[in-house]
Every structure is written in structure tokens, then in C-alpha cells.
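Work through the exercises below with the sequence and the model open. Each task is followed by its solution in steps.

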Amino acid sequence: MSSPQWHKTACNLCYVNCGIEVAVEGERIVKVRGDKANPKSQGYLCNKAARIPYYAHHADRLTTPLRRRSDGGFEPIDWDTAIAEIAEKARAIQARHGGQSFALYGGGGQGNHAGGAYATALLRALGSRNTFNALAQEKTGDFWVNGRMFGSQNCHTAEDVHHCDLLFAIGCNPWVAHGFPNARDHLNRIRKDPARRLIVVDPRRTETAELADLHLAVRPGADAFLLGALLAVLVRRDTVDHGFLAAHTEGYDEVRAALLALPVDAWLAAADITRDEIERCADMIAAAKAMVVRVELGVQQGVNSTLNSYLEKLLIMLTGSFGRPGTNQLHSWLAPLWGNSQGKVYAPTGDQVIGGLLPPNSFPRAILSDHPERLRAVFVDSSNPANTASDTREVERALRALDLLVVVDVAMTETARLAHYVLPASSQYEKTEYTLFNFEFPTNFFHVRPAVLPRLPGTLPEPDIYVRLARAMGVLPGDNVLATLREAAGRSLAEFDRAFGGFMRDNPSAGPAAALVLYETLGPTLPNGTASAAVLWPAAQACARRSPAAVRRALDVPAEIPDSQLAQRLFEALVGARNGTAFTRHSYDDVWSLIDTPGHKVRLAIPEMLEWLARLDTAQTRADPEYPFVLAAGQRRMFNANQIFRNPAWRRGDPDGALSVNPQDLAALSADDGTWLAVQSPRGRLVVRGAADPSLRRGQLALPHGFGQAYPAADGTRLTNGPRINLLTTADNCDPIAGTPYHKNVWVRLERARPEEAALAEQTSRRIHGMAAA
């Protein structure tokens, strides 16, 4: 047998997307290692990436288009039939109800981004901008705050963790969930350096909290009270950077007055934090030369999530922890991952459109509403709302009510089982891919990576799928026009750019489908089969115009090369570098040019946030006697990774997706580690295996995300491999501005499972354990 061939690519398990090398033997990935030549991750590899073969090769892959029969089952059909039928139904819906009746749910994620631009182009060509995705389930409260403070919702903060002397981590556990490059290496460096400090705010004694100099074990759901009290203490002690505030912000006096009015001791009591702890925290902030604040879903999917994001930004700004080495920054984009849609409202539900996105919590209402622009047709791309969106039963009801549901995915997901058509996509390692999660400063990186495996027969890359649909729907130009553009692309990039620019000027109606045109014309000329990177050509042009000096530094372009050639240099570097490449390298002073307000000043006073702060009531932290436990519904653990791993064999350490429970709470139920328990919310009930976890507070529970998927057993039956968490959640338990769900704070009660429930769960568990062992 020939020796394995090593190929450079990237990890697809979290948004850091570290560079890796995979060994391919007999068309299978057999081993993974860090890529030492990758300019961003430099050989770093975590335990999760080593299990990528379980993603790439599993028994639930789709290999033919499927059409739902009238009896609810599915039948295989050929690609031409699937495309023609979907196009015919879509045209009929568009003619009768207009483009606003369409939506896209998803559009890539976790390194699976190449198809997103093409799915979005098809949606735009149909006349819709309605997009729901995971970002709008996690981050839009933060985007809303950024829009008000920095002038645009796609101004986005980055963290210079590598040079800070104080890392303030709020609601995140980077030891397990990463979130910035080489996270464990940098946490260890902070731990070993006597001049550096770590503060962690988290209800649980996480792996990161174990390394901390100060762990503030906040009461679940009380982050706003802790942050508000901390800011009030800093203002009262005058531990604020007046020089920074005067030079770079406006509105401090309003903010100061609001913070001085806060009842600090009452808020600390609500957060279950002592005065000594908050004073020590303030002392550490005052002593720091460069503090960086890192937040994640613990507060962004927690109670008061948009307010939490605002208070986090105030902590950065009031301490002057911005725009210097070792502090927070804004970063540049190659192509913004979300938009700027301030002031827009989605009529069928009344939701704010934030970053161009709609909240998944309102997705069922957008379908089931009686509004004339309600959704009637949805394309779901690389997403699984039937598992991941709040209130599974209501999402399922809404999906069944659609006139047309098309799912594009690699596996028969829970959402796909409700679709009218299921289209099989090639996996992330069978096609060219790139990531748009590029959040670094001062140097930002981008990685285009060709396929390392042949396409599974019967599958297609998403760009091919959307081009075929667009052609069948008549939204692509004729072949004669495309042939002319292809010929120009074959001669030179400069000639193609002139021809494409002329075509777009002469055919403005083709603008929404521009990405599809680029794929069909420029795409075939790109090296190593990287056709899907064609959409990066206009992105490279925009980046070179916005930040010419930063692009020049990143690519080391000699001074004699004019700025007019930077875009071509950048594009060629992007599609040609197998390890990824830096696309911008800024000076720290550049951060001010990235602020979109007049005068490039940060607006501190946001009226809606100050009003919210003034009416915040400590009563919201009290448990409901009927539902006395607070559940974190979607915890990141050592062996879980969103919804992209369906094969239960990859998580041998926790195949059941166990419920973490404080040992004293287990004892109060006369239960042991491993006992089957029932978690009951107002919406639903789950039977789960209990696992004693002393890192949790009393009354706090945690279930992992990424479980609840049906997977084929050896006998052909399908087993649900762990808890479907969103059977417990409700859509109205969410942020009032952004609609982000309060998944980290779900009130439940806990009891031992009934004997018949426990017996059934044990039987299923043994089969899952057997699959994992195999």
C-alpha cells in the first residue's frame, strides 16, 4: 500500500480555523497534524481537530437528490429532475407572492463559507434579502451595540490577547472553546508570567477559571448586574482614562451619571459577588497597563444579552483599553461577514434587521404569520434549524407549513427530513473552501484551501448547485454573454475586470447574481480548482481601496508598485497560498480610521441602553419555585463541535451528552453519577444521563450542544444520539432588541426519570455506546 499523502487545509470545527495538514490514504483522511507553515496558527492543534476523519467519513452522507413523496417518505431522483422541479416551483411562488416570500436559512458556517455567497446571490436574484443564520442566534446584540457606538454594525472588535498583561474573560472558556488563535498556548503563557493576570467571569469553575488569578462566580443570568456594579465602582473610584475619553469618545458625562445612580451593593448581591471581590477586580484593572476583554456566548446568549454587550464595550472604553497593543481593537475585513442594516424592520414579525440578518427565534412566526409577505419558500444551506433553533416543535410545525423547503447539506439532517427536496453537497474537504471568520488585528489572515478528497459520487459543491438553480430559473445571463467574459478571463485578470465592469454597467439588473456570474466566468481560470474563490476578486478590490497601506505591508509590496496593482497582487496571493496569507497588516493607529462615526469618535451614550440600565430589576435573578434550576442549554465541552459531527463514535468520552449537575443537587435527588434524570421546562421534557460536576454552582445545570441528531445504526434504524435541547426552549425567552435566545438561562426542574423512561434511555445508550466503540 502506498504511503499517505499529506495535504494542507484548515480545521472546520470552530471559527478560528487553524491551519492543518491531513494525511489521505485511499481517498480517506487517516491522520491530522498542525501545519507549522500556516502564518496564523503556526502548527497549533487541539484535541478536536484530531478527530476530523469522523466528520469526513461517516454513514449518514447523502449521495443523491431526494424528493419527498406524498406519504412523507423520500425517493431518489437525478440532479436534472431535482433542479428543474425546484426551479419551476420557485418561479410559481415568486410570480404569485413576490420575492419577499423567500428566505435563506444558513449559508455556510464553521469554515464552510464558499457556498454562502452563491446561495445569497440566488436569494437576491429572486428578490429577497431575508436571511436567518447562527450569527443572528448568537451575536446580533453585539452588532446592534457596535452600530450605535462605532457607526456601523459591521465594525467588530478584536482582542490582542497576545500582548495584554490582563485578560478579562467574560462568559467564555477559551481553554475548551478557543475563540482566538492558539488559545491554550496563550493561556499558559499568561499563567506562567508573573507580570500578567487573568480574570474570569463565569458561574462555573471552568478550565479557564482554574487558571485565573480571580474567578468571579457570578449567579447565572446576573452578568449585567455584575458588569454594571463594576463600572459604577470604577467611576466612583475615578479609575477611568480621562485622556482617552476626551480624545476618542463622546457622551461620557451621560454614562457617568447613569452609572453613579446604580445601587452597587444591591446589584452585587443579585450577582452573588462580594464587595471585596469587586474591589479586587477594580484594583487589577487599575494596575493593568494593557487590558483586553474577551466575551462569548455565556453573555451573548444570556439574560439581558444586548445590554451585556453594551456594558462590555463600556468597560473597554472607560478604561482606555482600545487602540493600543494588548487591548481591544476594530479589525479590517476582506469581505464583511454581515452587513449594516440600522433602522430596518422585517414587516411580517416586526423584528429589527441587524447586520442584514433576522433572528431564528422569530423564524416560525415569519412562516406562520398571516402577513402578506410571510415566508412560503426557504432554502436551508448547511444548517439544521429543527435542532438548533429555539422551540423544536414550533420550528418543525413551521417547516411543514412551507410551500417549498429545499435543504442543501451533506447528511440527512432533522431539517432535511421535513424538506420537499434534499440536495447532497460535497463535504468541506471535497471542495474548495475558505473562511470569512477573519477577526485578527493588527495582522489579519485569509485561507483559501482546495479540496483534499475527491467528491463523493452524486454530490456537488454548493456553488455548482446554486448556479444550476439560477440557470434553470432564468436569472443568469445567456451563454453568449458568459462566453465573452470567459474568454476575457482566459486572457488576463485585468482584461476580465474591464469586461466584467462593462457588463455590470450595461446590465444593472444582473447585479444580484454577480457572484454566480463570477463563478461561471472567472472561476474556471483559477488555479487548483479554486473556482469558488472567484467572488473574492471584488472583495480584494474593495479591501485594497479601503486599506492600501495595510495590504501593502501584509504582502510586502515594494513602494514602486502603484496602488492600482494592489488588488491583483492581493487576489493572486489569496488563491495561490496553500497555507493562507495575511491580507492586511495595520499599525495600531489605523484603528481610528475603522470607526464609521463622524470624527471617528466612539459614542458612549446609547439612550436605549441607559434606559434599560435604569429599569433593571434584581428580581429577575430569582428562581421560579416551579422551575428552580437554571440550565445552560448548549455547553461547549472537550468532545462536541456544533452540528457538523453526526457520527457518535467521535465523542467516546461523552456519547450520551450527559447533564452536568452539582454533586449536592444529585444527592438531594438520591441520585448517583450516571443516574437517568428528567429535565422539565414549561415547553418540554428530556431524559438525560446525570454526571456529577463540582465545577457547577448549586442550582445550575448544563447540557452540551451538538447532540440530538439521528444517526443510522448498523441494522439500518436511526438512533437519536443525545438530547435535543431545543425541545426545552421557547422562542419568547430572548433578547427584546436582537431576539437572541437566552439559551444559557433556561429555567427547568429536575427529577429522577420514571422507570420506563430510564429503561428506554438505557437501551438507546447501549446501542450508541456500541456504535462509539465500533
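**Exercise 1. Helix 23**

Task: List the buried residues of helix 23 (residues 566-576), and state how they are placed around the helix axis.

Solution. The model is a predicted one. Step one is to pick out the residues under 20% relative accessible area, since that is what buried means here. In helix 23 these are Leu566, Ala567, Leu570, Phe571, Leu574 and Val575. The covering elements include the strands 21 (443-446), 22 (448-449) and 23 (581-585). Helix 19 (493-506), helix 21 (536-546) and helix 22 (548-555) are also among them.

**Exercise 2. The cavities**

Task: How many cavities of 30 Å³ or more are there, and what lines the largest cavity?

Solution. The count comes to four cavities of 30 Å³ or more. The largest cavity has a volume of about 460 Å³. Its lining holds 29 residues, and Gly171, Asp202, Gly298, Ala632 and Lys744 are the closest to the centre of the largest cavity. Two or more lining residues come from each of helix 12 (297-300), strand 25 (629-635) and strand 29 (700-704). Strand 25 has the largest share, five residues. Sorted by class, the lining of the largest cavity has 13 nonpolar, nine polar and seven charged residues.

Task: Describe the second largest cavity by volume and by the classes of its lining residues.

Solution. The second largest cavity holds about 70 Å³ of space. Residues that line the second largest cavity include Asn17, Asn38, Pro39, Lys40, Phe445, Phe446 and His447. By class, this lining divides into three nonpolar, eight polar and one charged.

**Exercise 3. The second largest pocket**

Task: Which element gives the most to the lining of the second largest pocket?

Solution. Start with the volume of the second largest pocket, about 500 Å³. This pocket is lined by 19 residues, with Val687, Thr720, Gly722, Ala761 and Thr764 nearest its centre. Strand 28 (685-692) and helix 26 (755-773) each supply at least two residues of the lining. Helix 26 gives the most, with six residues. By class, the lining of the second largest pocket has ten nonpolar, five polar and four charged residues.

Conventions
Residues numbered from 1 in each chain as written. Predicted model: local features only at pLDDT ≥ 70, side-chain atom pairs only at ≥ 80, totals over all residues. Heavy atoms only, no water. 1 Å grid on protein atoms, 1.4 Å probe; cavity = no way out; pocket = protein on both sides within 12 Å on 5 of 7 lines; lining within 4 Å. Points joined across faces, edges and corners; volume = space filled by probe spheres on them. Helix = DSSP H or I, 4+ residues; strand = E, 2+ residues; numbered from the N terminus. Nonpolar A, V, L, I, M, F, W, Y, C, P; charged D, E, K, R; others polar. Buried < 20%, exposed > 50% of the residue type's maximum accessible area, 1.4 Å probe, protein only. Arc of directions from axis to C-beta. Contact = heavy atoms within 4.5 Å.
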